[in-house]
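Thanks for making time this morning. I would like to walk through one model, looking at a helix and then at its charged pairs.

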Amino acid sequence: MGLLNHLATLPLAPVRGVAWVMERVVETAENEYYDPAPVERELAELERALLAGEIDEETFDRREDELLDRLEEIRAHIQGADG
């Protein structure tokens, strides 16, 4: 019965293949979006810019708040995925 079922659904193979590829693309995009490393690097660069006098304290505080919110979102997503 398995062979007959496989042969009967063979015309759907391209659709299943496209669906599988799309799932991998979405998975990869989510992994990149929820990667904390770029946000942590940007926080370090932001601090470096403040210490070098390239940005003022107000700009630093505003951008730091944005980045910390993003980092919190990432950590919540990771904890949600694990739990």
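Let me begin with a convention: helices here are DSSP runs of H or I with at least four residues, strands are runs of E with at least two, and both are numbered from the N terminus. This is a predicted model, in which local features need pLDDT of at least 70 and side-chain atom pairs count only at pLDDT 80 or more, while totals for chains, interfaces and linings use all residues. Residues are numbered from 1 along each chain as its sequence is written, and side-chain values use heavy atoms, with hydrogens and water left out.

Helix H4, residues 57-82, reaches 37 Å from its first C-alpha to its last, close to the 38 Å expected at 1.5 Å a residue, where the expected span is 1.5 Å times one less than the number of residues. Among its buried residues are Phe-60, Leu-67 and Arg-70, buried meaning under 20% relative accessible area, exposed over 50% and partly exposed in between, with a 1.4 Å probe and protein chains only.

Now the charges: the structure holds nine salt bridges, each a side-chain nitrogen of Lys or Arg within 4 Å of a carboxyl oxygen of Asp or Glu. In helix H2, Glu-27 and Arg-24 form one at 3.4 Å, N to O, and, being three residues apart, they are separated by about one helical turn. In H4, Glu-73 pairs with Arg-70 at 3.2 Å, again three residues apart; here Glu-73 is partly exposed at 36%, whereas Arg-70 is buried at 16%. Finally, Glu-42, Arg-62, Arg-63 and Glu-66 are linked in a network of salt bridges.
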